[in-house]
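Visitor: I would like to learn how to read a protein model. Could you take me through one, feature by feature?

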Amino acid sequence: FGGRAAGQAQTCQSSGVGHRVDSNTALFKALYEEGKNVSSHQVLGDIAQSFGLDKEQAMAFLASSEGERQVVQQIDQGRAMGIQRVPFFVVSSADGGSGQPEVIRGAATRRSFSRAYCCWRPCH
């Protein structure tokens, strides 16, 4: 959600400049509860500041091309897995097994999740 700027914000937090859970929660709240434009660098800077990051550092990161390569790479990986829209869920083994992850596209039923989970763990 939110295009490349939000993707850069998520890359920012995964590269040590934030906390993934806090930033995801803040991004979802801003977008879905507050109706903010999470593609706006100003909005993303405010969000970063709300959970303790330096706003100017976050704004500088967003204005740079730093993190863009990782965002494009994640988009390409998703497309290679057949992901074209949201929501989607990627289920993989907890131990990083060598099998292909299971991708669940769109709104899914409980059965879809159970089937994907059983691909990675023995179900009884």
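Visitor: Does K55 count as buried or exposed?

Guide: Welcome! This is a predicted model, in which local features need pLDDT of at least 70, side-chain atom pairs count only at pLDDT 80 or more, and totals for chains, interfaces and linings use all residues. Residues are numbered from 1 along each chain as its sequence is written, and side-chain values use heavy atoms, with hydrogens and water left out. Buried means under 20% relative accessible area, exposed means over 50%, and partly exposed lies in between, using a 1.4 Å probe and protein chains only. K55 has 16% relative accessibility, so K55 counts as buried. Of the 124 residues in the protein chain, 30% are buried.

Visitor: Where is K55, and what does K55 touch?

Guide: Helices (H or I, at least four residues) and strands (E, at least two) are DSSP runs, numbered from the N terminus. K55 sits in helix α4. A contact means heavy atoms within 4.5 Å. Leaving aside residues up to four places away in sequence, K55 touches Q42, G45, D46 and Q49.

Visitor: Which salt bridge does K55 form?

Guide: A salt bridge is a side-chain nitrogen of Lys or Arg within 4 Å of a carboxyl oxygen of Asp or Glu. K55 pairs with D46, at 2.4 Å from N to O. D46 is partly exposed, at 34% relative accessible area.

Visitor: How many salt bridges are there in the whole structure?

Guide: A search finds two. E34 also forms one with K36, where the closest N and O atoms are 3.3 Å apart. E34 is partly exposed at 39% relative accessible area, and K36 is partly exposed at 40%.

Visitor: At what angle do α3 and α4 pack?

Guide: Axes are lines fitted to C-alpha atoms, for helices over the stretch in contact, and angles run from 0 to 180 degrees between N-to-C directions. Helix α3 (residues 41–50) and helix α4 (residues 55–63) pack at about 140°, with axes 8 Å apart. Angles under 35 degrees count as roughly parallel, over 145 as roughly antiparallel, 65 to 115 as roughly perpendicular, and the rest as oblique. The two helices α3 and α4 are therefore oblique to each other.

Visitor: Which residues of α3 and α4 meet?

Guide: From α3 come H41, Q42, L44, G45, D46, A48 and Q49, and they meet K55, A58, M59, L62 and A63 in α4.

Visitor: How many helices and strands does the protein chain have?

Guide: The chain has six helices and two strands. From the N terminus on, the order is α-α-α-α-α-β-β-α.
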